[in-house]
Amino acid sequence: MKKEMIAMLAAVMGLSVAAAEVVFPAEFQKIAKSNAANAAEQYAALAEKAKNPAQKDQAYYAAFLQALGRKKFDDAQKYLNSVQDKQMKTLGAMETAFKKRQWQEIALPAENEKLETWRGDLISRAAYLRAYGHAWNKKTHPLVEKDIALAVSSSANPAEKYAMICQCASSIYESGLVRDNAKELALLQSAEPCKKATTQWYLQRVECRIAVLLGLTGKADEGLKYLAAYKVDKAESRRSGVAQAYGDLYAMKGDKAKAKEYYEEAIRLYPPWKVFVEPKLKKLAK
């Protein structure tokens, strides 16, 4: 699952960089940047020689994340067992359930935790995972929304905040785990102040989704106007995404000819996405 891999990469890199500021500055950062196949073993070696308990925990947790990312579940659990910090162990249990796609179990380790009192660098990821788990378990929307708000507000900088907003909107609302177009739209619009800090990949996804959501909430013309103001870069995959959004909006307006034109343009720009666009073309033909 592409979203799952992106989320895991963000978790691995985010914690590694944060930890590098206080733990083994040179050695830790070198491992984080290397993306070596044996990175888990390298982190574990740092942990074994550490005398400071906090350093030991950070290094073992980084080893855990690396092993988990490579689906070496036994090794990952071994490293997590060596972590003494209770909050990190709880988050690690959630990460393990997430990676194993045990959706209904993700929220359980932190079910009764007051995440807002946790260490600052752990709150955002833990809140996101609990929201995701609650959504899978069909928990009441207020629980999900509360954790989404905590995940976003606890993100350390504008780039992380923008990415977290995109992640929450995509995996919880857009996926259909919680269906509420108006709340998804409001969440994505809240990313506006962080727009300059983000990457083109996230920006294109959010801008196009906002435009489509405007259409889904009865404002297709406003969505077209919003999309026209977005200046996409030259990447063919992102230009294809914009073309798809135009097609969606024209389909909502009942202009099948325009919608077909943009869907075909989306396929021409980036053929690998044909599998996502063809069902839309078939729907138009009915």
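The model is predicted, so local features need pLDDT of at least 70 and side-chain atom pairs count only at pLDDT 80 or more, while totals for chains, interfaces and linings use all residues. Residues are numbered from 1 along each chain as its sequence is written, and side-chain values use heavy atoms, with hydrogens and water left out.

**Exercise 1.** Work out how many aromatic pairs there are, and classify the pair of Trp201 and Tyr202.

Solution. Rings of Phe, Tyr and Trp (its six-membered ring) pair if their centres lie within 6.5 Å, and planes under 30 degrees apart count as stacked, over 60 as edge-to-face and the rest as tilted. By this rule there are 12 aromatic pairs. Trp201 and Tyr202 make one that is edge-to-face, with 4.9 Å centre to centre and 85 degrees between the planes.

**Exercise 2.** Decide whether Tyr202 and Trp201 are buried, partly exposed or exposed.

Solution. Buried means under 20% relative accessible area, exposed over 50%, and partly exposed in between (1.4 Å probe, protein chains only). Tyr202 has a relative accessible area of 15% and is therefore buried, whereas Trp201, at 30%, counts as partly exposed.

**Exercise 3.** Find which residues form one aromatic cluster, and which charged residue lies over the face of Phe98.

Solution. The cluster consists of Phe98, Trp103, Tyr128, Tyr132 and Trp136. A charge sits over a ring if NZ of Lys or CZ of Arg is within 6 Å of the ring centre and within 35 degrees of the ring normal. Arg125 lies over the face of Phe98, at 5.3 Å from the ring centre.
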